[in-house]
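The sequence and the model are shown first.

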Amino acid sequence: MKRSGILIAALAGMLIAAQARAEDAGLYIGIGGTSNWSKGGAIYSDTVNEDVSAGGKIYGGYRWDRFAMEFGFNHLGKYEQAFLGTQVSEMETRAISVSGVYSFQIAPGYTLGAKVGLAFTEARYTCVSACGPSATPGLANVDTKNRGMAGVAGLLLGMNLTESLMVRIDFEHF
C-alpha cells in the first residue's frame, strides 16, 4: 500500500463545531478545528514521524427531520517525517466529503447521530532534504501528490446552546 494510502486510511478527526440551526429542518452550516491521528505515514521504517496534527473543517447540509445530507471540506493536517534527527519530508492531506447523517434527540437539548459517506482525498508529499532517487526500489524521496477515494464513517454528539446554535463533537474515520 502506498504511503499516502496508509496515511489517509488511518486518519480520524475529532471536531468541535458551532452549527447553525441546531435541530430544525432546513439548511445548516458549521466550522471547527480537528485533531488528526495517523499511523504509518513515513517512508523509512526507522523514521520518527508525527502521529497527531491539527486541521480544520467547514461543512454544511440540509436536514429533514432525523436525516441529513452533509458536505464538508476537511484539512486533515500536515505531518513532518524525520530520519536520523533531520526532517526529510512532510505530508499534507485534505478531503472533500459527502455523507448521509442520521441523528436523534437523546435528552432535551442533546443529539446523538451517525454518518456514512464518501471522501475524495488528496495527499501531498513534499521532499525537504535528501531528495532524489533511492537505491531501494519504491523509496524515491521526491515530491508527489496522490488522489483517491475513501469511505467515511462517523459518530456525532450535539448540545444545543440556543434555539439556533449547537456545539457538535464528531469522530470521523476516513
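## Terms and basis

A polar contact is a pair of N or O atoms within 3.5 Å; within protein, one must be able to donate a hydrogen and the other to accept it, and residues adjacent in sequence count only if both atoms are side-chain atoms.

The model is predicted: local features need pLDDT of at least 70, side-chain atom pairs count only at pLDDT 80 or more, and totals for chains, interfaces and linings use all residues. Residues are numbered from 1 along each chain as its sequence is written, and side-chain values use heavy atoms, with hydrogens and water left out.

## Overall architecture

The protein has 1 helix and 9 strands (DSSP runs numbered from the N terminus: H or I of at least four residues for helices, E of at least two for strands). Along the sequence, their pattern is α-β-β-β-β-β-β-β-β-β.

Of the 174 residues, 40% are buried (under 20% relative accessible area, with a 1.4 Å probe and protein chains only).

## Asp170

Asp170 belongs to strand β9 (residues 165–173). Its relative accessible area is 1%, so Asp170 is buried. The side chains of Asp170 and Arg168 form a polar contact of 2.8 Å.

## Aromatic rings

The whole structure holds 4 aromatic pairs (rings of Phe, Tyr and Trp, its six-membered ring, with centres within 6.5 Å; planes under 30 degrees apart are stacked, over 60 edge-to-face, the rest tilted). In one of them, the ring centres of Tyr28 and Tyr59 are 6.4 Å apart and the planes lie at 65°, so the pair is edge-to-face. Tyr28 lies in strand β2 (residues 26–37) and Tyr59 in strand β4 (residues 52–64), 31 residues apart.

Tyr28 is buried at a relative accessible area of 3%, and Tyr59 is buried at 3% relative accessibility. Ring pairs also join Phe67, Tyr102 and Phe104 into a cluster.

Conventions:
Buried means under 20% relative accessible area, exposed over 50%, partly exposed in between (1.4 Å probe, protein chains only).
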